[in-house]
Amino acid sequence: MVDLQILYFKLFIITFLKMSFFIHEVPIPISYFVSANGKSKNREKILIFLNEIWKIAIEKQQEDATLKKPLLKTSAIKPSQKRKHMKEIPEHFQGQWITTAEFCNLRPQNMFHRQLDTGSLPVSEPERQNRHILFRKKFTMKGAVSTVIRISGDDYYKLYINGVRVGQGPAAGYPFHYFYNEIDISRFVHAGVNTLAVHSYYQGLINRVWVSGDRRHGVIFDLLADGELIACSDESVRCREHSGFVSAGITGYQTQFLECYDAAAPEVGFERPEFDDSGWECACIHRHADYRLFRQPSEQLTIEEIRPEKIEKCGASWRIDFGGIFVGSLRFRASGDRGLEVVMYFAQELEPDGSLRWKLRANCAYKESFLLSGAEWDVLNQFDYKSFRYAELQCPPGCRIDPESIVLEARHYPFVLRAACNRNDEKSLAVWKLCVDSLRYGVQEVIQDCMEREKGYYLGDGCYSLLTFCLLTRDYTLMEKFFDDFLRTAFVNRGLMTCAACSFMQEIAEYPLIMFGLLLEYCHLSGNRDFVRERYAAFADILDFYRENYAEADGLLNRLDKWCVVEWPNNMRDNYDVDLTEGKVCDTKHNAINAYYIGAVKCLNKIARWLGLEPYADAAALQAAFVEAFYDRERKLFRDSVESGHISMPGNIYAAFYELFPDRAGVKNVIAMIREKRLSQSLLFVTFPLLAFLKKENEDELLRELLTDDQAWLNILAEGGTRTFEGWGRETKWNTSLFHLTLTFGAAFLTDWNISDILSFSEVPHEKH
């Protein structure tokens, strides 16, 4: 019996490692299952698990032999072809991952699971959060034409060369595909001794921002002069935790730590060459670093200094207006006795009495502080960013503020506008400017939804705002990275996750399906067949997952264990008559998710033809099943579900967009519905397909009316908005973000691109024009 158990265990390890490599492309260390002395960990649990797997396999085999298969026929793709593009060769570094003695021996904590799988959740560790860890190293230059540093940090780093900040990053990633930045520092170095300083940050919260809370912290770098290594991260690097960053609380959805910055901390000025680090410890090599490093394909952020539009002195306080909402941090200098505290408030809007609404609608309370050191001047240093327009500095007696030093350090992705508005009326130009400015100042290392509450890298929202960003800039780098980032989430679930490169696990059913439309648009706009061909099988595998797990005999989807949003917020769903409660399986076969699914199949079929491949599946059979299940032939409109006679905007807009109507009478009824309801029952997800449908139907006048409707984008401006809201007004949601990127897609309908041809689902894709 013992020998049999050992055999089971060995088979388990071999099978798991093989599945891990071929399915996830992630080598799993054997140390996860075997201790240092070779003995198995939790042997009894593993044996129980193996027995359960064996029983499930037998039951599944019997079930497969008796169940009727879905009618949908798909083109064959070999398992070895799936996610082939993920097999990339990581970069080799001479440097090693370095950290502090506290982190160097910690084994990583698994953060990943299906959303509804709550059996084994990661543990939050408050004692190991909000850690600002500094590194310094001297290096000598003999004179070189080119000096480059390759650097990464977990969760994030800011790099200084000879006291000057020269870069920050990386974009968030998973350990098996972690990004590093390559930065040209030639103009910041000189012959002789130079100083490299890094401010790294381990946040430790489980949220949508980073893969944090996993006990992984560190920095790695190689410094090259004319291609030759002159310094790297090793145990000679000096390190110390920064004691000047004290938590002022957590805000958002566990999104960030607010900061109390102490200018008297002994680490202040650590980036300057003359700083004395002789009392610091030597860095430690991270013994369990399991990263695979790849060069970040996107650019680093631009830091733009925004000067105040208005500064007002109100008694002992200073009130600052920067003229619009930006993403970044405040910088100014102040003087006063040691320990004096400047209390700082930040807001996106003002209260009716003119005071700052620092308790934001978007569930953030922006109150921080700045402790003075008693020096002639102290400069505020903030690490993390906020989204704000207004700031108020409350000064104690004896404190002086230098108003000329006040600046907002806005951070955003490089933005060069290469498109023009195709209308010249005042209203259209105002909507255009609102959307363009929001993208110019809102896009970060990734396309986020809101800039404050979640800072989330959302798949569904990102498809529309990213399309618009690329239409405006003609730069597809972020779009290509977007596809790969979300395809990598398949290691958690083949049907993909809602947010990429983070430790918050959520699954929204339609989001991966929306991405097929974005891929189709990419085909036309970029013309890059090689990129799409390499990822075709991975996209096909997503649809395979939906078919294999949720399709019934007629090919339509039901009983999804992913949350169907349909439209958000829920008060904009036009009373869509299905229980869409998050956190449980939806037992009702309903319209919206099936429209998205068939639409995704149609998109992939068009892409397959464009690549010279066989169509993925028979979309006509699916469409016929959809009509049979949901079409009301008397009213000539689609019902919300097989169990309801209710007719709604979402239930018909998605069907119209993906051309699922069996007759022209139904199409005309949808247009009439839009004329009646306009945009009152659509927002983040219904509005884009609604406008695209009108464009395809040559309803240009109605399209123009909606884009310049007083209750849509113009209402945001009428309410004083300088960036797109998370709704048509401040009161649309209970927690409205006043800087949210999704509605920037308004600009996509105000510039010229071949939308009718690209988003037609009855023609073979054309060549790039």
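Let me start with Trp210, which in this predicted model is buried, its relative accessible area being 10%. Its ring pairs with that of Tyr156 in a tilted arrangement, with 5.9 Å from centre to centre and 40° between the planes. Tyr156 belongs to strand E4, residues 156-161, while Trp210 sits in the loop between strand E7 and strand E8, so the pair ties together parts that are 54 residues apart in sequence. Tyr156 counts as buried too, at 4% relative accessibility.

Strand E4 brings us to the sheet, an open one of 6 strands in the order E5-E4-E7-E2-E10-E13, with antiparallel pairing. Strands E5 and E13 stand at its edges with a single partner strand each, so one side of each has no neighbour in the sheet. Within the sheet, strand E2, residues 131-141, and strand E10, residues 238-241, pair over 4 bridges in the antiparallel sense, and there Phe135 stands opposite Cys239.

Turning to another aromatic pair, Tyr476 and Tyr522 have ring centres 6.2 Å apart and planes at 85°, so this pair is edge-to-face. Tyr476 lies in the loop between helix H4 and helix H5, and Tyr522 in helix H6, so parts 46 residues apart in sequence are tied together. Both rings belong to one aromatic cluster, whose members also include Phe482, Phe516 and Phe539.

Finally, there are rings with a charge over them: the charged end of Arg333 sits over the ring of Trp377, 4.2 Å from its centre, and the charged end of Lys386 sits over the ring of Phe346, at 4.4 Å from the centre.

Notes. Residues numbered from 1 in each chain as written. Predicted model: local features only at pLDDT ≥ 70, side-chain atom pairs only at ≥ 80, totals over all residues. Heavy atoms only, no water. Pairing = 2+ DSSP bridges. Helix = DSSP H or I, 4+ residues; strand = E, 2+ residues; numbered from the N terminus. Phe/Tyr/Trp six-rings, centres within 6.5 Å; stacked < 30°, edge-to-face > 60°. Buried < 20%, exposed > 50% of the residue type's maximum accessible area, 1.4 Å probe, protein only. Lys NZ or Arg CZ within 6 Å of the ring centre and 35° of its normal.
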